[in-house]
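Please report on the strand pairing and the ring contacts of the model shown here.

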Amino acid sequence: MSTNYEIGDQIVERESKRRGTILDLLEERDSDTGNITYSAIKVQFPDGETDWVNTERVSMMLVENDCTNVWSF
C-alpha cells in the first residue's frame with residue numbers, strides 16, 4: 001500500500017502514538033515502474049523535536065469531528 005504524503009500533513013508515529021507535522025520527504029523512484037515512494041519522513045512533534053521516521057512507522061492522522069453541537073431544526 002502506498003500513501004501520498006505532502007509537506008504539512010498531520011501524521012501519527014505508531015510506536016509512540018505522537019502526532020506530528022511533515023516537514024520534509026525522502027523520495028525514491030522505482031526504476032521499473034517510475035512510481036515515487038517515500039522511504040522516510042521528517043516530522044516535527046508538538047514539543048518542537050524533529051526526527052526522520054521510516055514511513056512504515058507512520059499513519060495519516062484522522063480527525064474526528066464532534067457533531068453534537070450542530071444546529072437542530
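Strand 1 and strand 2 form a hairpin, with four residues between the two strands. Lys17 lies in the turn and has a positive phi of about 65°. Strands here are DSSP runs (E, at least two residues), numbered from the N terminus. Two strands count as paired if DSSP finds at least two bridges between them.

This is a predicted model: local features need pLDDT of at least 70, side-chain atom pairs count only at pLDDT 80 or more, and totals for chains, interfaces and linings use all residues. Residues are numbered from 1 along each chain as its sequence is written, and side-chain values use heavy atoms, with hydrogens and water left out.

| Strand pair | Sense | Bridges |
|---|---|---|
| Strand 1 and strand 2 | antiparallel | four bridges |
| Strand 2 and strand 3 | antiparallel | eight bridges |
| Strand 1 and strand 5 | antiparallel | three bridges |

Ile11 has bridge partners in two strands. In strand 2 its partner is Gly20. In strand 5 the partner of Ile11 is Met60. Elsewhere, Thr21 stands opposite Gln44 in strand 3.

Which side chains of strand 1 (residues 10–13) are buried? Ile11 and Glu13 are, and they point to one face. Buried means under 20% relative accessible area, exposed over 50%, and partly exposed in between (1.4 Å probe, protein chains only).

**Ring contacts**

The structure holds one aromatic pair. Tyr5 and Tyr38 form it, edge-to-face, at 6.0 Å centre to centre and 70° between the planes. The pair links distant parts of the chain, 33 residues apart: Tyr5 is in the segment before strand 1, Tyr38 in strand 3. Rings of Phe, Tyr and Trp (its six-membered ring) pair if their centres lie within 6.5 Å; planes under 30 degrees apart count as stacked, over 60 as edge-to-face and the rest as tilted. Both Tyr5 and Tyr38 are buried.

A charge contact involves another ring. The charged end of Arg18 sits over the ring of Phe45, 3.6 Å from its centre. Such a contact requires NZ of Lys or CZ of Arg within 6 Å of the ring centre and within 35 degrees of the ring normal.
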